[in-house]
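Student: I have not looked at this structure before. Could we go through it by question and answer?

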Amino acid sequence: MEYDIVIGLEIHAELSTETKIYCSCQNVFGKEVNTKCCPICAGMPGTLPTLNKKVVEYAVKMGKALNCSINRLSKQDRKNYYYPDLPKGYQISQFDIPLCENGYVLVPMPDGVRKIGVTRIHIEEDAGKLVHNDAFVGSLVDMNRCGVPLIEIVSEPDMRSSAEAKAYLETIKQILSSLGISDCKMEEGSIRCDINVSVKPKGEEKFGTRCEMKNVNSFLGAVHAIDYEAARQIKILSEGGVITQETRRWDDHKGESFLLRSKEDAQDYRYFPEPDLRTIEVTDDLINKVEREAKELPNIRLIRYLEKEGLPFDDASLISENEGKSAFFDACLKIKPTHAKVISNWILSDISKRINETGKDISEIGVTPEFLIDLIERVEKKEISVTAGKEVLLAHFETGKSAGEIIAEKGLSQISNEDELLKIAKEVLDNNLKLIDDYKNGKTNLLGFFVGQCMKASKGKGNPSMLSGILAKLISENY
Amino acid sequence: MELYNKSASELSKMLRAKEVSAVEIADSVYKRIENVDDKVGAYLETNYEKAIKMAKKADEMIAEGKGTVMTGIPVAVKDNICVKGYKATCASKMLENFEPPYNAFVTENLIKAGAVITGKVNMDEFAMGSSTENSALKRTANPHDLSRVPGGSSGGSAAAVAAREAIVSLGSDTGGSIRQPASFCGVVGLKPTYSSVSRYGLVAFASSLDQIGPIGKTVADTAALYSVIAGKDSMDSTSLEANFNLSLASGGSLSGVKIGIPKQYFGDGVSAKVKELVMNAAKTLESAGATLVNVDLPGTDYALSAYYIISCAEASSNLSRYDGVKYGYRAENPKSLEELFVRSRSEGFGDEVKRRIMLGTFVLSSGYYDAYYKKAKLFQQKLKEEFKTAFRSCDMLLTPTSPDVAFRIGEIEDPLKMYASDICTVTVNLAGLPAVSVPVEGTKDNMPVGMQFIGKPFADAEILRVAGIYEDLIGGFKTQVKF
């Protein structure tokens, strides 16, 4: 029997606010243990939380980006559980009235755009970390991460493959990054996710029993975890077994998931409204500010590049995921709307190479959209060859001189004078008489070789298409 | 008269007139502590050197003309309020050695005002109790009769003032914990409007009900201390500007003042003698110009249940942090993480605290939340409405503070009976209102009887004003103890 896989994701993203969510501690990663915490985030007796307003602003930004309705009044709740890295014995989170609800996100994929529902986005505080080390027995607690602001983005169970889940994750990551609200550093754990997976016989409407997988810390890990879990469930079902609702822990190193707890052992978090904090009010001013600052999101841009500009998926996604390249590409398009693919080629080849080599942003490597379009036009008018064009761009990076100057200085103008080209062609053919016989005997692809030799002889300046015609004519008439 | 016997207002006048120094006052109070605290047991921690240092600073402030109403006045602080350099034990084995590295907002204000902190005083463990018998660290006696309890949970705060071991004190009131001990010890205690005093640095029992407040021998002293601790604090999100004007907390007359007498507070559970004394006081006020009106607060019957559900629910969460991991009591040699949690909490908390944590955990549990916590919160809204309605026909309410006078140590063993003694006070916390308890004229069994004025939100000054007029009408409170 064939099965459908049903996937829902809960993404936890650390927000890159300057200070923590409920105190004025600096929100930074990688500092010496227990140096970025205070009595408040360490949950000491008598201390009280005060909400960092930036956290609300960032969450609302994400909510708007994911087309959510924003609850103008929302509250914070306590989620009670015991763990050594949770100093208060409860996490301040949001339970029944999250900041943002009922949204969706468009996820472009090579075979079309998916619309994935977003159930809710809420704010909460991160917990600390347990430190295990051979230098001591037992575990120690590092509270630097306590109170780091998080948003939890909960999706609808709208994904049907690990590839879709990965595309969704990538889209969310790009949006977070584009909004400038999260560092999105997977290796620092700034994005983590829990994955809900169920399977059902193909065509069946009713969802199967789901299992939740925790501790997934990379996108590839998510793909493996989903595939593993789906296979596990399908195996159980096809052997006539029954799926039981459970929480499992994904082990990326082993590539396996392990039972954490079954439904019967599900924790009762005893949520109740946080009495130390007031209702969160999202003001008109905040909504207006967020709307005013909103710009085109990478997923929407990708869809535009695909649908309006007709770029191939790989080109479109490589450009759209990078703010600088997108801005550059759009500026070029503004000057020359008809040349999307050519512009894309230049950006993804020589310009990207320069970016990678220098480690700089596209705006810092000394090329403007005007320059690139000028270069493209010169190539198009056959004033210079593509090869020469690449040389002009490289020289421009180094010297900042105009294309015209560089072409003149380096003598890169393309030779389109027929007499001159004829002279070069004859010389090349005279040196390759044996190959001409081969050519005549059917090895017609040798024409390319001859053109290449002519290009070499002309130091790259010969007009290759003219040369090709001249060579063919010469061989048939004179050799 | 010994300096320790004087009121803050008198001492403040003397200080400003340079008739006495703050150091001399602190010295007098400390001598008194040395002489009588063996009997009373109000203090958990004293520090003479620190007190004298603060007194010297107060003297400097006065010399520079920067003195305030509280400058140089010795204040005892309940042991759930953080004072840097002192432990904050909450009278619990759990925090027996816990010293907070920060001051409470009210502590900062006391320091700024030049007050002299005498030390930390006893209480029921984590402020849970009505007799201070739940202290894991010390027994405190009622200075009027050492065989009786001082009330609670701020028993140490009330006993210290009554025994003249402090001029004024700070307590905290979640369901009556300032007013009931004030009434048992024959002193004045104000539970301010919720949110008018920052809770930053008050070790939480039930966050939505807890409020720090002042205790004094006179209404004026109580008002003066309140004026120093009230105010908005950016560290407490629930704090609001109190807009308390000390000059409005005294003077004027009773003409036009309508005092509501809610019959539910004079029911069968209240001692006949207490009812009689409180009604006599009401008549005193009436004959001085106030109008008495009967008001109905039918929700009162459910208040105790709602109070214990809400306060225990919040407490169960607030006290989760005491897990043996970071600070406080830790069980020795736990064999697992779970055992560390379970044994640290089982060994570190006293019975009453554990009882309330279990109750609170139960009412928040899935399947019970709607039946208990949610219903209690709904009732709380209804009760607020009831008070609002009552305040349409009167300016304030007058009720007994406690159904009876201080009971004997060990007399009440049944926790439910103990809870029932909070019947007159818990509604005020549920509704977030201000209330001040003052001694009435006369005694029962030679013990003080208290009554409370309950005001509209932020009408702290007005109830203090009327309480002060009553104090004047009866020629001052007769609160001298026998030793």
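Student: In this predicted model, which residue stands opposite Asp77(A) in strand 5 of chain A?

Tutor: Strand 4 of chain A covers residues 77–80 and pairs with strand 5 of chain A in the antiparallel sense, over 4 bridges. Strand 5 of chain A runs over 90–93. The residue in strand 5 that stands opposite Asp77(A) is Ser93(A).

Student: Which strands of chain A are the edge strands of that open sheet?

Tutor: The sheet is open and has 3 strands, in the order 5-4-15, with antiparallel pairing. An edge strand pairs on one side only. The edge strands are strand 5 (90–93) and strand 15 (272–273) of chain A.

Student: At which residue does helix 8 of chain A bend?

Tutor: Helix 8 of chain A takes in residues 340–358, 19 residues in total. From first C-alpha to last it reaches 25 Å, close to the 27 Å expected at 1.5 Å a residue. The helix bends by about 40°, and the residue at the bend is Ile351(A).

Student: Is Asn67(A) buried or partly exposed?

Tutor: Asn67(A) is found in the loop between helix 1 (53–65) and strand 2 (69–70) of chain A. Its phi is positive, about 60°, although it is not a glycine. A residue counts as buried at 20 or more other C-beta atoms within 10 Å and as exposed at 12 or fewer. Because Asn67(A) has 15 such atoms within 10 Å, it is partly exposed.

Student: Is Phe126(B) buried or exposed?

Tutor: Phe126(B) lies in the loop between strand 3 and helix 5 of chain B. Phe126(B) is not a glycine either, yet has a positive phi of about 55°. Because Phe126(B) has 31 C-beta neighbours inside 10 Å, it counts as buried.

Student: Which residue is joined to Ser153(B) by a cis peptide bond?

Tutor: Ser153(B) is found in the loop between strand 3 (116–121) and helix 5 (155–162) of chain B. Omega of the cis bond is about 10°, and the residue joined to Ser153(B) is Gly152(B).

Notes:
Residues numbered from 1 in each chain as written. Chains lettered and ligands numbered in written order. Predicted model: local features only at pLDDT ≥ 70, side-chain atom pairs only at ≥ 80, totals over all residues. Helix = DSSP H or I, 4+ residues; strand = E, 2+ residues; numbered from the N terminus. Expected span 1.5 Å × (residues − 1). Bend = angle between axes of the 7 residues up to and from the residue. Pairing = 2+ DSSP bridges.
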